[in-house]
Amino acid sequence: SHPGGPALVLAGPGTGKTTVLIRRIARVLETGADPSSILALTFTSKAARDLRDRLERNLGPGPAGAVTASTFHAFCLSLLREHSAAAGLPADFRVLGPEEREVLLGNVAGRRAGALGTYAEGRKRRLLLPGEDTPRLGPGARAALAEALAQAGPPGEAPFNPDLESLYADYRARLKAAGALDFDDLPAGAVRLLSARPEILSALRDRYRRIYVDEYQDVNLAQYALVRILAPPESFPDQGSAGLDPETPGVPAELLVIGDPDQSIYSFRGADPRFIARFRSDYPGARIYSLARSRRCAPAILGAAGRLSGRLLEGEGTVALLERNEAPTDKSEAEGIARRIDRLIGGTRFFALDSGTAGGEPAGTLRCLSECAILVRTAAQFPALEKALGDHAIPYVAGGARPWWEEDPSYLKGPAPGEPGEEDPARGVPAGPRGEAVRLLTVHAAKGLEFDYVFVAGLEEGLFPFTQYEETTQEDLIRARIEEERRLLYVAVTRARIGLSLWRARARTFRGRRLALPPSRFLAEIEDMVPTADKDRGYRRDPQRSLFPAEPEARS
């Protein structure tokens, strides 16, 4: 029932933000709004498909089909296709896939291809062409936007480097010669087009009177600029008289964004939770709404999550499992998790009975394996867990539905094939007859998903928070990264509905290195809220004696 104008919806995990967005669109259509005047933007093709499907179920195929529900990248691509000549692009321009992009970067920079790729991404997100220190925006962008762009953005992103700047210019020239763009060119190119061609911007503002942005905490600087230029703060009518359908041409009826700053976890692609704070200052008359009751997580799980985030949500239901565990090695950690899953499902084969992993509380409380996930900080942790699940004949899927960015900032490679968010081929033990399988995912890939039971592995200092490849010594940057790691764990914890099991290993092999890491600093913050597992239900050594001596104590 929002009266119109700008609005910010602060929505915690499981509070129904997508439902609110669907019902809001239905409400404005009931008042007589034109479906084609609605633009709904999100980040992954999966989220956009889900939004379109739910709109169709709620509104019918006619109205839903007229609503533009799209990813940022797909929307910008369609805009540049429609106005390719005005954008200085050939009509048949193409967007490079990741393999082509890697080849081109290698041809330009050789062994520095990775550094150039990261640098170019950062410069494009900041709307900077080669040789620029501030964005050169055209008459369609007001001075307030240029000032905001100078102030916004994550700290330390894409600092000027003269050597890489020269390579960036060469890379851009080769893209132009090939009649091609890369993914980061799409939002930046759309903003430059709209700022340079006021007539195109005016037509777009006339068309899209109601703009909705999901997951607003994930916008980067170029996407932030796109929203600002489509719905500039100065164009909204006074909040006291704002209605659902102001008659003034070119005046937006509504800008409603939904987000959760505690789930901002993509700084390595330019996202910054401060953009939510900026929304309040950019649109000082905006209505602020809060969704504070989670329909997903049991209260005890939300209590631990609230300790990490500093804000509490109300929950529903009863927790079935809440524990933390410590194992001698990463192999025993994986074995302990596999045994616990075997027990929860009631045993997947006779081995579960022979080894004593089946039976006991809370045996049989896992309805199906697809309602269980194992989350890790990085995919380098997969092998030990895959072996343990395979040894117990527990069907699993490792990877799949991965975001188009890599999980570690140090290894950022760029988009996966196709549109951002396209699913990645997965591997695993074949699922059962009903297609059930445990999901083995990085925390980044798990965002937006939910499960009855969640196991979080590798809660050691250096791994979670991930600081193995930290290069900077700037305290503000280090502090910002640790806070993002805290938000990552918050996301992991809040994927669980009724069961949460946190694990750490005293020693592990990680990317060929033998590590002995102390417990994650985050465990100490929630240890009074997440009890240690009962010894008879935690990791237990196999009853059969080993033919080999125990592994020596690991050294860091």
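**Local geometry and strand packing in a predicted model**

Pro465 lies in the loop between β13 and α18 (475-493). Helices (H or I, at least four residues) and strands (E, at least two) are DSSP runs, numbered from the N terminus. The peptide bond that joins Phe464 and Pro465 is cis, with omega at about 20 degrees.

The structure is a predicted model, in which local features need pLDDT of at least 70 and side-chain atom pairs count only at pLDDT 80 or more, while totals for chains, interfaces and linings use all residues. Residues are numbered from 1 along each chain as its sequence is written, and side-chain values use heavy atoms, with hydrogens and water left out.

pLDDT is the predictor's confidence in each residue, from 0 to 100. The chain average is 82, and 80% of the residues score at least 70. Two segments fall under 50. Residues 239-246 stay under that value, and the model has 27 contacts (heavy atoms within 4.5 Å) for them beyond four places in sequence. Residues 350-361 also stay under 50, with 21 contacts beyond four places in sequence. Where pLDDT is low, the predicted coordinates should not be read in detail.

The chain has 556 residues, and 56% of them are buried. Buried means under 20% relative accessible area, exposed over 50%, and partly exposed in between (1.4 Å probe, protein chains only). The secondary structure comes to 19 helices and 15 strands. Among contacts between residues at least 6 apart in sequence, 81% join residues at least 24 apart. The accessible surface is about 23600 Å², and carbon and sulfur atoms account for 51% of it. Accessible areas come from the Shrake-Rupley method with a 1.4 Å probe; for residues, only the protein chains shown count as cover.

Strand β13 (residues 451-456) is largely enclosed by the rest of the structure, because 6 of its 6 residues are buried. Two strands pair if DSSP finds at least two bridges between them. Strand β10 (residues 372-376) runs parallel to β13, joined by 4 bridges. Here Ala373 has Val454 of β13 as its bridge partner. Strand β14 (residues 496-510) also runs parallel to β13, through 5 bridges. Tyr453 stands opposite Gly499 in β14.

Helix α14 (residues 330-345) has 16 residues. From first C-alpha to last, α14 reaches 23 Å, close to the 22 Å expected at 1.5 Å a residue. The expected span is 1.5 Å times one less than the number of residues. The helix is mostly covered, with 14 of its 16 residues buried. Thr329 caps the N-terminal end of α14: a side-chain oxygen lies 3.3 Å from the backbone nitrogen of Lys331. Gly346 follows α14 and has a positive phi, near 95 degrees.

Positive phi also occurs in residues other than glycine. Glu215 has phi near 55 degrees. Glu215 lies in the loop between β6 (210-213) and α11 (221-230). Its relative accessibility is 15%, so Glu215 counts as buried. Arg511 has phi near 50 degrees, again a positive value in a residue other than glycine. Arg511 lies in the loop between β14 and β15 (513-515). With a relative accessible area of 33%, Arg511 is partly exposed. Most residues other than glycine have a negative phi, and most peptide bonds are trans.

Technical notes. Polar contact = N/O pair within 3.5 Å; in protein donor to acceptor, adjacent residues only side chain to side chain.
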